[in-house]
Amino acid sequence: MAAERTQERERSGPRIRLDLPRERRARLLPEYDPEAFGRLSERIARFLGTGRFLVWMTLTIIVWVLWNIFAPTSLRFDEYPFIFLTLALSLQASYAAPLILLAQNRQDDRDRVNLEQDRKQNERSIADTEYLTREVAALRMGLGEVATRDWIRSELQDLLKEMEERRDGHRDLFPQGSDHRSDVPDR
C-alpha cells in the first residue's frame, strides 16, 4: 500500500511546497507598478484639464504655423497642409484620452470606496440613534414609576390636609378640656 503511494507521487511529478514562495518566472514584458502609473496618469490628466495646458498648446500651434509659413523655405519642416502638426495633435489626443479615462476610473474607485465607508458610517449612526431612542424611551417609562421630589411633596401636602381635616372633624367628638377622665373604670 505504501509502495503504491510512493510510485503514484513519483509519477505525478515534483512535489509542490506550499510553505515556500513560488519561484519568479522570466517575463517578456517589463514589470511596472500599476499604482505609480495610475498616479502619473492622474497628474497628466489634471494638467491636460488646466488653462495653462490650453495656453501652451495654443502658443505651440501658433508658433508652429507661423514658423512654417514665414520661415525661409530651407528651415521649414512642415509645409502648408501641416500634416506633421496634424499627426502630432492626433498622437497627443490618442494618448490623452486613455490617460483621462484611467484617471477617471481611479477616481470612480476612490469615490466607490468613500461611498461605501459613508454608507457604513450612516448605518452605524442610525443604529446608534435607534439604540439611544430606545434607551430614552425606557428611561421615560422607568421615570414614570419613580417617585419624584415634586410628587412626594404633593402627596405629603395632600396627607397633611387630610390629617388636618380629620383633626378638625374629631375635635367635636373629643373635646379638649380640664376634664381628663379615664375610661378604664368603664370596662
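**Notes on the predicted model**

1. Helix 3 has 20 residues and spans 28 Å from its first C-alpha to its last, close to the 28 Å expected at 1.5 Å a residue, where the expected span is 1.5 Å times one less than the number of residues. Helices here are DSSP runs of H or I with at least four residues, strands are runs of E with at least two, and both are numbered from the N terminus.

2. This is a predicted model, in which local features need pLDDT of at least 70 and side-chain atom pairs count only at pLDDT 80 or more, whereas totals for chains, interfaces and linings use all residues. Residues are numbered from 1 along each chain as its sequence is written, and side-chain values use heavy atoms, with hydrogens and water left out.

3. The buried residues of helix 3 are Phe53, Trp64 and Asn68 (buried means under 20% relative accessible area, exposed over 50%, and partly exposed in between, with a 1.4 Å probe and protein chains only). Seen down the axis of helix 3, these buried residues fall within an arc of 15°, so they line one face of the helix; the arc is that of the directions from the helix axis to the C-beta atoms. On the other side of helix 3, Arg52, Leu54, Val63 and Phe70 are exposed, while the cover over its buried residues includes helix 2 and helix 4.

4. Helix 4 has 63 residues and reaches 92 Å from its first C-alpha to its last, close to the 93 Å expected at 1.5 Å a residue. Leu85, Ala96, Leu99, Ala103 and Arg106 are buried in helix 4, and what covers them includes helix 2 and helix 3.

5. Ser41, which lies in helix 2 (residues 34-48), counts as buried because its relative accessibility is 1%. Leaving aside residues up to four places away in sequence, Ser41 touches Leu99, Leu102 and Ala103, a contact being heavy atoms within 4.5 Å.

6. Phe77 sits in the loop between helix 3 (51-70) and helix 4 (83-145), and its relative accessibility of 48% is why Phe77 counts as partly exposed.

7. For the chain as a whole, there are 5 helices and 0 strands, and buried residues make up 9% of its 187 residues. Among contacts with a separation of 6 or more, 54% are between residues 24 or more positions apart.
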